[in-house]
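Let's take a walk through a protein chain together. Have a look at the sequence and the model, and then we will go from the whole chain to a few of its parts.

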Amino acid sequence: MMRGWGKATGAPRPRRSVLLRGLLLVLAVLALAALAERVGVLPAGTLERLFGQETKRHRSTRPASTAVAVAPPAVARASDRIDFAHTQKLLDGIRVEPEKRRGYAREDWPHWLSTDRSCLNAREQALIRDSQRPARLSANGCAVVSGEWIDPYTGDRITDPGLIDIDHRVPLEEAYGSGGHAWSRDRRAAYANDLTDPLTLLAVGQASNRAKGAKGPEEWLPPKRDGICLYVADWIAVKARWSLSMDERERVTVGNILTDCRQSAR
(Lines give C-alpha, C1' and ligand atoms only; values in the text may rest on other atoms or scores of the structure.)
Protein backbone atom coordinates (compact mmCIF):
# COMPACT_ATOMS: atom_id res chain seq x y z
CA MET A 1 0.00 0.00 0.00
CA MET A 2 1.44 3.37 -1.05
CA ARG A 3 2.08 5.97 1.63
CA GLY A 4 0.24 9.22 1.19
CA TRP A 5 2.08 12.57 1.13
CA GLY A 6 -0.83 14.85 1.90
CA LYS A 7 -0.41 18.09 3.82
CA ALA A 8 -2.45 16.71 6.72
CA THR A 9 0.28 14.23 7.60
CA GLY A 10 3.04 16.92 7.74
CA ALA A 11 5.35 14.60 5.86
CA PRO A 12 8.17 16.08 3.61
CA ARG A 13 7.54 16.57 -0.11
CA PRO A 14 8.99 14.00 -2.46
CA ARG A 15 12.55 14.52 -3.71
CA ARG A 16 11.33 14.70 -7.31
CA SER A 17 9.38 17.87 -6.52
CA VAL A 18 12.41 19.47 -4.86
CA LEU A 19 14.62 18.68 -7.86
CA LEU A 20 12.04 20.08 -10.24
CA ARG A 21 11.81 23.32 -8.28
CA GLY A 22 15.59 23.57 -8.22
CA LEU A 23 15.81 23.06 -11.98
CA LEU A 24 13.17 25.73 -12.59
CA LEU A 25 15.08 28.12 -10.33
CA VAL A 26 18.33 27.54 -12.28
CA LEU A 27 16.55 28.08 -15.59
CA ALA A 28 15.01 31.30 -14.26
CA VAL A 29 18.44 32.56 -13.16
CA LEU A 30 19.94 31.73 -16.56
CA ALA A 31 17.08 33.51 -18.34
CA LEU A 32 17.58 36.61 -16.20
CA ALA A 33 21.33 36.49 -16.88
CA ALA A 34 20.72 36.25 -20.63
CA LEU A 35 18.35 39.22 -20.45
CA ALA A 36 20.86 41.23 -18.40
CA GLU A 37 23.57 40.44 -20.94
CA ARG A 38 21.36 41.53 -23.82
CA VAL A 39 20.52 44.92 -22.27
CA GLY A 40 24.11 45.52 -21.22
CA VAL A 41 23.83 45.01 -17.45
CA LEU A 42 26.23 42.06 -17.73
CA PRO A 43 29.23 42.00 -20.13
CA ALA A 44 28.73 40.19 -23.41
CA GLY A 45 29.83 36.54 -23.20
CA THR A 46 29.10 36.16 -19.47
CA LEU A 47 27.00 33.02 -19.97
CA GLU A 48 29.58 31.53 -22.30
CA ARG A 49 32.31 32.05 -19.72
CA LEU A 50 30.12 30.45 -17.01
CA PHE A 51 29.93 27.30 -19.11
CA GLY A 52 33.57 27.44 -20.17
CA GLN A 53 32.62 27.97 -23.81
CA GLU A 54 33.64 31.54 -24.57
CA THR A 55 33.63 32.09 -28.31
CA LYS A 56 36.07 34.13 -30.36
CA ARG A 57 34.71 37.54 -31.35
CA HIS A 58 35.67 39.91 -34.12
CA ARG A 59 37.12 43.22 -33.02
CA SER A 60 34.37 45.10 -34.82
CA THR A 61 30.74 44.33 -34.06
CA ARG A 62 29.51 46.42 -37.01
CA PRO A 63 27.41 44.23 -39.33
CA ALA A 64 29.02 43.73 -42.73
CA SER A 65 26.07 45.41 -44.42
CA THR A 66 26.77 48.69 -42.60
CA ALA A 67 30.53 48.79 -43.09
CA VAL A 68 31.75 52.20 -44.24
CA ALA A 69 33.59 52.15 -47.56
CA VAL A 70 36.94 53.91 -47.56
CA ALA A 71 37.09 56.51 -50.33
CA PRO A 72 40.22 56.66 -52.49
CA PRO A 73 42.60 59.57 -51.85
CA ALA A 74 41.66 62.88 -53.42
CA VAL A 75 43.75 63.90 -56.42
CA ALA A 76 44.57 67.51 -57.27
CA ARG A 77 44.15 68.77 -60.83
CA ALA A 78 46.84 70.90 -62.41
CA SER A 79 44.15 73.47 -63.20
CA ASP A 80 43.36 73.85 -59.48
CA ARG A 81 46.55 75.84 -58.92
CA ILE A 82 46.36 75.36 -55.17
CA ASP A 83 49.09 77.00 -53.11
CA PHE A 84 49.43 74.15 -50.63
CA ALA A 85 51.93 75.91 -48.37
CA HIS A 86 49.63 78.91 -48.03
CA THR A 87 46.55 76.73 -47.54
CA GLN A 88 48.30 74.70 -44.85
CA LYS A 89 49.32 77.92 -43.11
CA LEU A 90 45.69 79.08 -43.15
CA LEU A 91 44.56 75.73 -41.77
CA ASP A 92 47.15 75.83 -38.99
CA GLY A 93 45.81 79.22 -37.92
CA ILE A 94 42.19 78.08 -37.55
CA ARG A 95 41.19 77.43 -33.96
CA VAL A 96 39.78 74.01 -33.09
CA GLU A 97 36.82 73.97 -30.73
CA PRO A 98 33.41 72.29 -30.38
CA GLU A 99 30.61 73.68 -32.52
CA LYS A 100 27.58 75.42 -31.05
CA ARG A 101 24.75 73.07 -31.93
CA ARG A 102 21.64 75.01 -30.96
CA GLY A 103 20.10 78.39 -31.65
CA TYR A 104 20.54 78.76 -35.43
CA ALA A 105 17.70 80.48 -37.31
CA ARG A 106 18.02 81.29 -40.99
CA GLU A 107 15.98 84.46 -40.63
CA ASP A 108 18.75 85.85 -38.43
CA TRP A 109 21.03 85.86 -41.51
CA PRO A 110 19.55 88.39 -44.00
CA HIS A 111 20.39 87.08 -47.45
CA TRP A 112 19.87 87.92 -51.09
CA LEU A 113 20.10 91.61 -50.37
CA SER A 114 21.04 94.27 -52.90
CA THR A 115 24.57 95.24 -51.97
CA ASP A 116 25.15 97.96 -54.59
CA ARG A 117 21.81 99.81 -54.45
CA SER A 118 20.68 98.26 -57.72
CA CYS A 119 17.63 96.07 -58.22
CA LEU A 120 19.90 93.02 -58.61
CA ASN A 121 20.24 91.20 -55.33
CA ALA A 122 23.21 89.05 -54.30
CA ARG A 123 21.71 85.90 -55.83
CA GLU A 124 21.18 87.51 -59.23
CA GLN A 125 24.64 89.04 -59.19
CA ALA A 126 26.21 85.67 -58.37
CA LEU A 127 24.29 84.12 -61.28
CA ILE A 128 25.64 86.81 -63.62
CA ARG A 129 29.19 86.39 -62.34
CA ASP A 130 29.27 82.59 -62.60
CA SER A 131 27.54 82.21 -65.98
CA GLN A 132 29.81 80.76 -68.66
CA ARG A 133 28.23 83.10 -71.24
CA PRO A 134 26.64 86.52 -70.78
CA ALA A 135 23.49 86.08 -68.73
CA ARG A 136 20.24 87.43 -70.18
CA LEU A 137 18.19 89.64 -67.87
CA SER A 138 14.48 90.27 -67.56
CA ALA A 139 12.89 93.30 -69.21
CA ASN A 140 13.33 95.40 -66.08
CA GLY A 141 16.93 94.22 -65.67
CA CYS A 142 16.35 92.90 -62.16
CA ALA A 143 16.41 89.12 -62.69
CA VAL A 144 18.44 86.58 -64.65
CA VAL A 145 16.30 84.62 -67.11
CA SER A 146 18.95 82.56 -68.89
CA GLY A 147 22.64 81.76 -68.92
CA GLU A 148 24.96 78.77 -68.73
CA TRP A 149 26.36 77.38 -65.51
CA ILE A 150 28.63 74.41 -64.81
CA ASP A 151 27.91 72.85 -61.44
CA PRO A 152 31.40 72.55 -59.86
CA TYR A 153 30.17 69.71 -57.64
CA THR A 154 28.88 67.46 -60.44
CA GLY A 155 30.11 68.92 -63.73
CA ASP A 156 26.51 69.24 -64.98
CA ARG A 157 25.68 71.99 -67.49
CA ILE A 158 22.58 74.00 -66.55
CA THR A 159 20.91 76.77 -68.56
CA ASP A 160 17.78 77.39 -66.49
CA PRO A 161 18.49 79.74 -63.55
CA GLY A 162 15.47 78.24 -61.80
CA LEU A 163 17.50 75.04 -61.42
CA ILE A 164 20.42 76.87 -59.84
CA ASP A 165 21.01 77.49 -56.13
CA ILE A 166 23.57 79.94 -54.81
CA ASP A 167 25.56 77.90 -52.34
CA HIS A 168 27.33 79.33 -49.33
CA ARG A 169 30.48 77.28 -49.52
CA VAL A 170 30.55 77.26 -45.74
CA PRO A 171 26.80 76.98 -45.06
CA LEU A 172 25.09 79.57 -42.89
CA GLU A 173 24.31 77.03 -40.17
CA GLU A 174 27.92 75.83 -40.20
CA ALA A 175 29.12 79.43 -39.97
CA TYR A 176 26.77 79.97 -37.02
CA GLY A 177 28.14 76.94 -35.16
CA SER A 178 31.74 77.89 -35.92
CA GLY A 179 31.66 81.37 -34.42
CA GLY A 180 28.92 83.23 -36.30
CA HIS A 181 26.59 82.82 -33.32
CA ALA A 182 28.50 85.72 -31.73
CA TRP A 183 28.27 88.00 -34.79
CA SER A 184 26.09 91.07 -35.11
CA ARG A 185 23.19 90.98 -37.56
CA ASP A 186 25.13 93.29 -39.90
CA ARG A 187 28.12 90.95 -40.00
CA ARG A 188 25.84 87.98 -40.63
CA ALA A 189 24.26 89.86 -43.53
CA ALA A 190 27.72 90.72 -44.90
CA TYR A 191 28.66 87.03 -44.85
CA ALA A 192 25.36 85.81 -46.32
CA ASN A 193 25.65 88.22 -49.27
CA ASP A 194 29.44 88.28 -49.71
CA LEU A 195 30.29 89.09 -53.32
CA THR A 196 33.68 90.59 -52.45
CA ASP A 197 35.27 87.13 -52.54
CA PRO A 198 34.20 84.61 -55.22
CA LEU A 199 34.89 81.75 -52.80
CA THR A 200 32.04 82.54 -50.41
CA LEU A 201 29.10 82.18 -52.82
CA LEU A 202 28.91 80.03 -55.94
CA ALA A 203 26.25 78.89 -58.40
CA VAL A 204 25.54 75.14 -58.18
CA GLY A 205 22.77 72.77 -59.20
CA GLN A 206 19.80 72.53 -56.85
CA ALA A 207 20.24 68.79 -56.37
CA SER A 208 23.85 68.99 -55.22
CA ASN A 209 23.15 71.97 -52.97
CA ARG A 210 20.23 70.19 -51.32
CA ALA A 211 22.37 67.06 -50.86
CA LYS A 212 25.08 69.11 -49.19
CA GLY A 213 22.69 71.00 -46.93
CA ALA A 214 24.53 72.35 -43.88
CA LYS A 215 27.13 69.57 -43.87
CA GLY A 216 30.86 70.08 -43.54
CA PRO A 217 33.57 68.11 -45.43
CA GLU A 218 33.53 65.46 -42.72
CA GLU A 219 29.99 64.56 -43.81
CA TRP A 220 29.74 65.61 -47.45
CA LEU A 221 32.13 66.07 -50.38
CA PRO A 222 31.42 66.84 -54.03
CA PRO A 223 30.49 63.70 -56.00
CA LYS A 224 32.84 64.94 -58.74
CA ARG A 225 35.98 63.59 -57.11
CA ASP A 226 38.47 65.64 -59.11
CA GLY A 227 36.90 68.72 -57.58
CA ILE A 228 37.43 67.70 -53.96
CA CYS A 229 40.90 69.22 -53.52
CA LEU A 230 39.82 72.68 -54.68
CA TYR A 231 36.62 72.42 -52.65
CA VAL A 232 38.52 71.70 -49.44
CA ALA A 233 41.17 74.35 -50.13
CA ASP A 234 38.43 76.94 -50.70
CA TRP A 235 36.57 75.77 -47.59
CA ILE A 236 39.72 76.40 -45.54
CA ALA A 237 40.17 79.83 -47.15
CA VAL A 238 36.61 80.93 -46.32
CA LYS A 239 36.86 79.72 -42.73
CA ALA A 240 40.17 81.53 -42.28
CA ARG A 241 38.94 84.76 -43.91
CA TRP A 242 35.91 84.94 -41.64
CA SER A 243 37.77 83.73 -38.52
CA LEU A 244 35.55 80.67 -38.19
CA SER A 245 36.59 77.65 -36.15
CA MET A 246 36.60 73.92 -36.89
CA ASP A 247 35.65 71.09 -34.60
CA GLU A 248 38.10 68.23 -34.18
CA ARG A 249 36.47 65.85 -36.65
CA GLU A 250 36.29 68.51 -39.34
CA ARG A 251 39.91 69.55 -38.74
CA VAL A 252 41.19 65.98 -39.04
CA THR A 253 39.15 65.37 -42.21
CA VAL A 254 40.26 68.47 -44.09
CA GLY A 255 43.84 67.99 -42.91
CA ASN A 256 43.95 64.45 -44.27
CA ILE A 257 42.39 65.47 -47.57
CA LEU A 258 44.82 68.36 -47.94
CA THR A 259 47.72 65.96 -47.36
CA ASP A 260 46.43 63.59 -50.05
CA CYS A 261 46.00 66.47 -52.48
CA ARG A 262 49.46 67.87 -51.81
CA GLN A 263 51.08 64.47 -52.31
CA SER A 264 49.20 63.89 -55.56
CA ALA A 265 50.41 67.22 -56.92
CA ARG A 266 54.11 66.40 -56.53
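Of the 266 residues in this chain, 36% are buried. Keep in mind that the model you are viewing is a predicted one. Among contacts with a separation of 6 or more, 65% are made by residues 24 or more positions apart.

Now turn to strand 5, which spans residues 164-168. How many of its five residues are buried? Five of the five are, which leaves this strand mostly covered. In a regular strand, side chains alternate between the two faces of the sheet. Here I164, I166 and H168 lie on one side, D165 and D167 lie on the other, and both faces are covered. Strand 5 also has a partner: five bridges join it to strand 6, residues 201-205, and the two run antiparallel. One of the links to follow is that of I166, whose bridge partner in strand 6 is A203.

Next, find helix 3, residues 84-92, where F84, T87 and L91 are buried. Why do these buried residues line one face of the helix? Seen down the axis of helix 3, they fall within an arc of 65 degrees, so they share one face. Their cover includes helix 8 (228-241) and helix 9 (248-264). On the other side of helix 3, you will find A85, K89 and D92 exposed. Finally, look at the start of this helix: a side-chain oxygen of D83 comes to within 3.4 Å of the backbone nitrogen of A85.

Note on methods:
Residues are numbered from 1 along each chain as its sequence is written. This is a predicted model: local features need pLDDT of at least 70, side-chain atom pairs count only at pLDDT 80 or more; totals for chains, interfaces and linings use all residues. Side-chain values use heavy atoms; hydrogens and water are left out. Buried means under 20% relative accessible area, exposed over 50%, partly exposed in between (1.4 Å probe, protein chains only). Helices (H or I, at least four residues) and strands (E, at least two) are DSSP runs, numbered from the N terminus. Two strands pair if DSSP finds at least two bridges between them. The arc is that of the directions from the helix axis to the C-beta atoms. Contact means heavy atoms within 4.5 Å. A polar contact is a pair of N or O atoms within 3.5 Å; within protein, one must be able to donate a hydrogen and the other to accept it, and residues adjacent in sequence count only if both atoms are side-chain atoms.
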